[in-house]
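Please look at the sequence and the structure first, and then read the points below alongside them.

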Amino acid sequence: MGKVNTPSQNESVADRTLWPALLSLALLVGVFGFTTIDLSLQDRFYDFSTGQWFVDRDNPAGRALFYHGPKIAIGILALVLVALVVGPVDWRNRWGLARPDLWVAVLTLATLPMLAGFGRQFTNVYCPSEIRRYGGEAPYVTLCEPSPADFQSATRGHCFPAGHASGGFALMALAWLRRSRRWRIGGLALGLGLGWWMGGYQMLKGAHHMSHTVVTMLLAWIVILVWRRVLRPPKLAAGDSR
């Protein structure tokens, strides 16, 4: 019979993906930075004859379902996680949760959007709707290219990486709250699903390119693994601290 991996073995395998994830991030930045993959995909979401995106950014139902609603749900969940962290140990024992794992989820939800926001201040990458190809005023410039010398703008680009989707992808940290394969798969599916639910909406309305969302997804994984290394070193991982 084949060897069956236990939850703890699966955790150690996941934790060893930090360096591969960092390498993948660098490779993806290079691929998207020196190719036109983003434009080829974004063209499918834009009607050049009417100058309209596939999704109307001003539609109230879409904003409620894909923008405000998920943000509110994530905020409520974050408050619940904080309450479990600072609340009585009985609360955590009732759900079989360990405080270090809860801290990983809380800190990921707090720091990933901050990291994405920090990056957006310095990368100077414009949103699809802001570039000339789609009716904007800015030239299309990737992260790996300098802006044309003849282009002058009073505002810098603030679209890389994707900020809105970061809250959804941060929920991948929930995968480690319980020691079961079902919980692990469910947590990862929730984080990836909600991240792309939010990120896909942004792409369809011209607010982000594919690369912006993919990079944010990888950043989420890296942030989770870094916090796990800080808060769950090997000695602590061997026995939960409630």
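Ile 72 belongs to helix H4, which covers residues 60-86, and in this predicted model the residue is exposed, with a relative accessible area of 55%.

**Surface patch**

- Together with Ile 76 and Val 80, Ile 72 forms a nonpolar patch on the surface, and the accessible area of these three residues together is about 280 Å².

**Largest cavity**

- The largest cavity contains about 120 Å³ of space, and its lining is made up of 15 residues, among which Asp 38, Thr 142, Leu 143, Phe 160 and Ser 211 lie nearest the centre.
- Helix H2 (18-33) and helix H9 (210-231) each contribute at least two residues to the lining of the largest cavity, and H2 provides the largest share, with four residues.
- Sorted by class, the lining of the largest cavity comprises nine nonpolar, five polar and one charged residues.

**Second largest cavity**

- The second largest cavity, with a volume of about 30 Å³, is lined by Val 125, Tyr 126, Ile 131, Pro 139, Tyr 140, Val 141 and His 209.
- In the lining of the second largest cavity, six residues are nonpolar and one is polar, while none is charged.

Technical notes. Residues are numbered from 1 along each chain as its sequence is written. This is a predicted model: local features need pLDDT of at least 70, side-chain atom pairs count only at pLDDT 80 or more; totals for chains, interfaces and linings use all residues. Side-chain values use heavy atoms; hydrogens and water are left out. Patches are made of residues with over 30% relative accessible area and no salt bridge: like charges are joined within 9 Å, nonpolar side chains (Val, Leu, Ile, Met, Phe, Trp, Tyr) within 5 Å. Accessible areas come from the Shrake-Rupley method with a 1.4 Å probe; for residues, only the protein chains shown count as cover. A salt bridge is a side-chain nitrogen of Lys or Arg within 4 Å of a carboxyl oxygen of Asp or Glu. Buried means under 20% relative accessible area, exposed over 50%, partly exposed in between (1.4 Å probe, protein chains only). On a 1 Å grid over the protein atoms alone, a cavity is a set of points where a 1.4 Å probe fits but cannot get out, and a pocket is an open set with protein on both sides within 12 Å along at least five of seven lines; lining residues have an atom within 4 Å of a point. Grid points are joined across faces, edges and corners, and a volume is the space filled by probe spheres set on the points. Ala, Val, Leu, Ile, Met, Phe, Trp, Tyr, Cys and Pro count as nonpolar, Asp, Glu, Lys and Arg as charged, and the others, Gly among them, as polar.
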